[in-house]
Amino acid sequence: MPYDIFFVNLGIKIQHLQNHINVFGFSIAFYGIIIGIGMLAGLQMAVMEAKRSGQNPELYMDFTVYAIFFAIIGARIYYVIFSWDSYKDDLIQVFNIRAGGLAIYGGIIAAAITLYVFSRIKKTKFLTMADTTVLGLVTGQIIGRWGNFFNAEAFGGYTNNIFAMQIRKDIVNSNMLNKDVLNHIIQVGNTSYIQVHPTFLYESAWNLALLIFMLWYRSKKKFEGELFFIYLGGYGLGRALIEALRTDSLLLPGTNLAVSQLLACTCILGAVLGIYLGRKQLKKSVSK
């Protein structure tokens, strides 16, 4: 009997990968459910951190409402900009997010802008809120990446490493199949499989390690905003490495450069500069 997913070197086989449930005749994608769970878990993490650090938890509840709304818009705009050829002849599809097409970096950028505006309106410190918010953000990312698993997407090229994942070829979007993957098609009976890097798993695990480090380091931070910069650099480094494996990267028009890798490298540089300047300013204030 054909299977849908098989982690060949771990011996984990999933016979049937269901990607949605039907409620009163309405289809609800597991991707959306998992993203929702990630958002709730992220909010809970931020609220817990706010309580621990003596901040007002309701501030983060209020911010989350705006952040989710604008992050979805930002994630969609980012995706559409760098996939314009898929939408330019049918503009109504720009608004059809049920068909997929959200990019995490667009959501992060929009959420950061929203936080800056929100903090100015509420007369709070942006960097203080950012330190708390990134703990919730990375928590949501850890969970949210598993939505890609149920969609059989966000994978890399061919591999036979310990995490190698076989996916039934006919359940995969053909636009995600590059030559490397197609040159290693595996035939099991009458069923064709691709065998790939589960990059969604790599990113989820990387983000978990980043969260653990930030939770450990938060009581040792030297200045307000340091956790924010650690997140930018840590996530950027992981994304730059993992993105190099993926087959579905959004590219700069007319180039083979992955937009996410360029942004990731920019985040790393920004994080290094931010930490350097923050510590330099701290030394100045201590020496006065």
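In this predicted model, Lys 13 lies over the face of Phe 6, 4.8 Å from the ring centre; a charge counts as sitting over a ring if NZ of Lys or CZ of Arg is within 6 Å of the ring centre and within 35 degrees of the ring normal. Residues are numbered from 1 along each chain as its sequence is written, and side-chain values use heavy atoms, with hydrogens and water left out. Because the model is predicted, local features need pLDDT of at least 70 and side-chain atom pairs count only at pLDDT 80 or more, whereas totals for chains, interfaces and linings use all residues.

The overall dimensions come next. The chain holds nine helices and seven strands, both taken as DSSP runs numbered from the N terminus (helices: H or I, at least four residues; strands: E, at least two). For 288 residues, a compact globule would have a radius of gyration near 19 Å, and the 21 Å of the chain agrees with this; the radius is taken over C-alpha atoms, and the globule rule is 2.2 Å times the number of residues to the power 0.38. Along the principal axes, the C-alpha atoms fill a box of roughly 75 × 40 × 40 Å. The accessible surface comes to about 15700 Å², with 65% belonging to carbon and sulfur atoms (Shrake-Rupley method, 1.4 Å probe; for residues, only the protein chains shown count as cover). Of the 288 residues, 43% count as buried, where buried means under 20% relative accessible area, exposed over 50% and partly exposed in between (1.4 Å probe, protein chains only). Among contacts with a separation of 6 or more, 71% come from residues 24 or more positions apart, a contact being heavy atoms within 4.5 Å.

A search of the whole structure finds 20 aromatic pairs. The rings of Phe 69 and Phe 70 have centres 5.0 Å apart and planes at 80°, so this pair is edge-to-face. By definition, rings of Phe, Tyr and Trp (its six-membered ring) pair if their centres lie within 6.5 Å, with planes under 30 degrees apart counted as stacked, over 60 as edge-to-face and the rest as tilted. Phe 69 counts as exposed at 51% relative accessibility, while Phe 70, at 37%, is partly exposed. Tyr 116 and Phe 126 also form an edge-to-face pair, at 5.8 Å centre to centre and 70° between the planes. Tyr 116 belongs to helix H3 (residues 104-122) and Phe 126 to helix H4 (residues 126-144), so their pair ties together parts 10 residues apart in sequence. Tyr 116 is partly exposed at 41%, and Phe 126 is partly exposed at 22%. Elsewhere, Phe 30, Trp 146, Phe 149, Phe 150 and Phe 200 form one aromatic cluster.

Two asparagines complete the picture. Asn 151 sits in the loop between helix H5 (146-150) and strand S5 (165-168) and is partly exposed, with a relative accessible area of 28%. Leaving aside residues up to four places away in sequence, Asn 151 touches Asn 19 and Tyr 31. The C-alpha atoms of Asn 151 and Tyr 31 are separated by 6.9 Å, although these residues are 120 residues apart along the chain. The side chain of Asn 151 also makes a polar contact of 3.3 Å with the side chain of Glu 153; such a contact is a pair of N or O atoms within 3.5 Å, where, within protein, one must be able to donate a hydrogen and the other to accept it, and residues adjacent in sequence count only if both atoms are side-chain atoms. Asn 207, found in helix H7 (residues 199-217), counts as buried at 0% relative accessibility. With residues up to four places away in sequence not counted, Asn 207 touches Val 138, Gln 141, Ile 142 and Tyr 235.
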